[in-house]
Amino acid sequence: MDSTEHEEAKEKQPQLESTAKSSSSPLLVRSLVMVFLIVLLIGIYFQRSPKPDPPENSFKDDLQKLALAYHEFHRIRKYSPADMEELQNFLNNPPPAPKSNSIVPPDPVSVVLVPDSIVEMIRDGRIKVIWGAVLTDSGLENDKFLLAYRSDIAMNGGFALTAAGRALELTADAFKKYPLISVETANIDETKTKLKVPESEKKE
């Protein structure tokens, strides 16, 4: 190889390197775009996919918060909420504490927020709540009845809430033996508690 050919080879080498670099740049851009699209699609999928039930320990605590909110509504209004919307409206707009005519000040309104996970489960039917229940002043009496429970508890067992506000885990058979509390009203002034037999126990 003479000197002329050697110089031409040196000139061609940088040209080949620049060509290789320029061809790899669009490939790198396309790869980054693909990665971005995949991440975006995964994010959209997880946002739209149904949210799983909360862990059991958390679910038990959250269920008891529902009971506290329910009882606070009953304490102030002297009747039970008719639905989740009425309960939430009360929690979002608590009434002022009643005026006291004695030395002892009245108890302030205690706002207990119901977790969003519980609200969602109530609205989509995964938790059944006995709305409008007549509660007594006796915690022992209220504890004999169920106020809320998992919708699949009659088949799979699970957590339930007594009318006293106690969350407990029941087997399917134990749930079927536990009475539900509900209300039978003739008019606004005449209310009485009655036992409601679970659907699974009703005889044809």
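Student: Which residues of H4 are buried?

Tutor: In this predicted model, the buried residues of H4 are Ile-118, Val-119, Met-121 and Ile-122.

Student: How do you know that they lie on the same side of H4?

Tutor: Around the axis they cover an arc of only 165 degrees, which puts them on the same side of the helix. An α-helix has 3.6 residues a turn, so residues three or four places apart point the same way. The face of H4 turned away from the buried side carries Asp-116 and Arg-123, which are exposed. Just after H4 comes Gly-125, with a positive phi of about 90 degrees.

Student: What makes the buried residues of H3 line one face of that helix?

Tutor: The residues in question are Met-84, Leu-87, Phe-90 and Leu-91. Seen down the axis of H3, they fall within an arc of 130 degrees, so they line one face. At the start of H3, a side-chain oxygen of Asp-83 comes to within 3.3 Å of the backbone nitrogen of Glu-85. The cut-off for a polar contact is 3.5 Å, so this pair falls inside it.

Student: Why is Ser-80 called buried?

Tutor: Its relative accessibility is 8%, and buried means under 20%, so Ser-80 counts as buried.

Student: Where is Ser-80, and what does Ser-80 touch?

Tutor: Ser-80 sits in the loop between H2 and H3. Not counting residues up to four places away in sequence, Ser-80 touches Tyr-70, Phe-73, His-74, Gly-132, Ala-133 and Leu-135. With Ala-133 there is a particular atom pair: the side chain of Ser-80 reaches the backbone oxygen of Ala-133 at 2.4 Å.

Student: What is Leu-63 in contact with, leaving aside its neighbours within four places in sequence?

Tutor: Leu-63 is in contact with Ile-118, Ile-127, Phe-159, Ala-160, Leu-161 and Ala-167.

Student: How do you know that E1 and E2 pair?

Tutor: Two strands pair if there are at least two bridges between them; E1 and E2 have three, so they pair. They run antiparallel, and Ile-127 stands opposite Arg-150 in E2.

Student: What makes E2 mostly covered?

Tutor: Five of the five residues of E2, residues 146-150, are buried. E2 also pairs with E3 in the antiparallel sense, over three bridges. In that pairing Tyr-149 stands opposite Ala-160.

Student: How many bridges join E3 and E4, and how many residues lie between them?

Tutor: Four bridges join E3 and E4 in the antiparallel sense, with Leu-161 opposite Ala-167. The two strands form a hairpin with four residues between them. Gly-165, in the turn, has a positive phi of about 95 degrees.

Student: Where is Thr-171, and which backbone nitrogen lies 3.1 Å from a polar atom of its side chain?

Tutor: Thr-171 is in the loop between E4 and H7. The backbone nitrogen is that of Ala-174. The distance is within 3.5 Å, so this pair is inside the cut-off for a polar contact. Thr-171 and Ile-153 are 18 residues apart in sequence and 7.5 Å apart in space, C-alpha to C-alpha.

Student: What is the mean pLDDT of the chain, and where is the pLDDT below 50?

Tutor: The mean is 74, and 58% of the residues reach 70 or more. The pLDDT is below 50 over residues 184-204. This stretch has 28 contacts in the model beyond near neighbours in sequence. Where pLDDT is low, the predicted coordinates should not be read in detail.

Note on methods. Residues numbered from 1 in each chain as written. Predicted model: local features only at pLDDT ≥ 70, side-chain atom pairs only at ≥ 80, totals over all residues. Heavy atoms only, no water. Buried < 20%, exposed > 50% of the residue type's maximum accessible area, 1.4 Å probe, protein only. Contact = heavy atoms within 4.5 Å. Arc of directions from axis to C-beta. Polar contact = N/O pair within 3.5 Å; in protein donor to acceptor, adjacent residues only side chain to side chain. pLDDT = per-residue confidence, 0-100.
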